[in-house]
Amino acid sequence: MEFKYDIQLLIEGKALDERAIHEHFAEAFKGDCLLVVGDEELIKIHFHTNEPWKALEYCASLGEIYDIVIEDMKRQARGLRG
């Protein structure tokens, strides 16, 4: 398993650009399993990375972030809670 953390969150804002957010993640952050879906006011992010704080900082710059979940997939793979 290359990436340790599974992050999921919602971004609420104005004039959010799903494509631009996806492109920024793909270029700026190391990770996989990227999912960016939503509209101009609400975006859902799902991403696997080793540096979740970088993604959170970027998302917070776009609007209000909430329903934030960060799970340690390596702990889960060992049968432990995330």
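Analyst: Leu35 stands opposite His46 in strand 3. Please keep in mind that this is a predicted model.

User: How many bridges join strand 2 to strand 3, and are they parallel or antiparallel?
Analyst: There are 6 bridges between strand 2 and strand 3, and the two run antiparallel. Together they form a hairpin, with 3 residues between them.

User: Which residue is found in the loop between these two strands?
Analyst: One of the residues there is Asp39, in the loop between strand 2 (31-38) and strand 3 (42-49). Asp39 counts as partly exposed because its relative accessibility is 47%.

User: And strand 3 itself, is it mostly covered or mostly open?
Analyst: Strand 3 is mostly covered, as 6 of its 8 residues are buried.

User: How many bridges join strand 1 to strand 3?
Analyst: Strand 1 (residues 5-12) is joined to strand 3 by 8 bridges, in an antiparallel arrangement. Tyr5 has Thr49 of strand 3 as its bridge partner, and Ile7 stands opposite Phe47 in strand 3.

User: What about strand 1 and strand 4?
Analyst: Those two also run antiparallel, with 7 bridges between strand 1 and strand 4 (residues 64-72). Within strand 4, Ile65 is the bridge partner of Ile11.

User: Changing topic: how many salt bridges are there?
Analyst: A search of the whole structure finds 2 salt bridges. As background, side chains of opposite charge can pair when their charged atoms come close.

User: Which residue does Lys4 meet?
Analyst: The side chain of Lys4 meets that of Asp72 in a salt bridge, at 3.5 Å from N to O. Asp72 lies in strand 4 and Lys4 in the segment before strand 1, so this pair ties together parts that are 68 residues apart in sequence.

User: Which residue forms a salt bridge with Lys54?
Analyst: Lys54 forms a salt bridge with Glu51, and their closest N and O atoms are 3.2 Å apart. Lys54 is partly exposed, with a relative accessible area of 38%. Glu51 also counts as partly exposed, at 31% relative accessibility.

User: Where does negative charge gather in a patch?
Analyst: It gathers on the surface, in a patch of negative charge whose residues include Glu12, Asp17, Glu18, Asp39 and Glu64.

User: Last topic: which residue has a positive phi although it is not a glycine?
Analyst: Ala15 is one of them, with a phi of about 55 degrees. In general, most residues other than glycine have a negative phi. Ala15 lies in the loop between strand 1 and helix 1. Ala15 counts as exposed because its relative accessibility is 67%, and exposed means over 50%.

User: What about Cys33, where does it lie?
Analyst: Cys33 lies in strand 2. Cys33 has a positive phi of about 55 degrees too, although it is not a glycine. Its relative accessible area is 44%, so Cys33 is partly exposed.

Definitions and conventions
Residues numbered from 1 in each chain as written. Predicted model: local features only at pLDDT ≥ 70, side-chain atom pairs only at ≥ 80, totals over all residues. Heavy atoms only, no water. Patch = residues over 30% accessible without salt bridge, like charges linked within 9 Å, V, L, I, M, F, W, Y side chains within 5 Å. Areas by Shrake-Rupley, 256 points an atom, 1.4 Å probe, with all protein chains shown as cover. Salt bridge = Lys/Arg side-chain N within 4 Å of Asp/Glu carboxyl O. Lys, Arg positive; Asp, Glu negative; His and termini not counted. Charge placed at Lys NZ, Arg CZ, Asp CG, Glu CD. Helix = DSSP H or I, 4+ residues; strand = E, 2+ residues; numbered from the N terminus. Buried < 20%, exposed > 50% of the residue type's maximum accessible area, 1.4 Å probe, protein only. Pairing = 2+ DSSP bridges.
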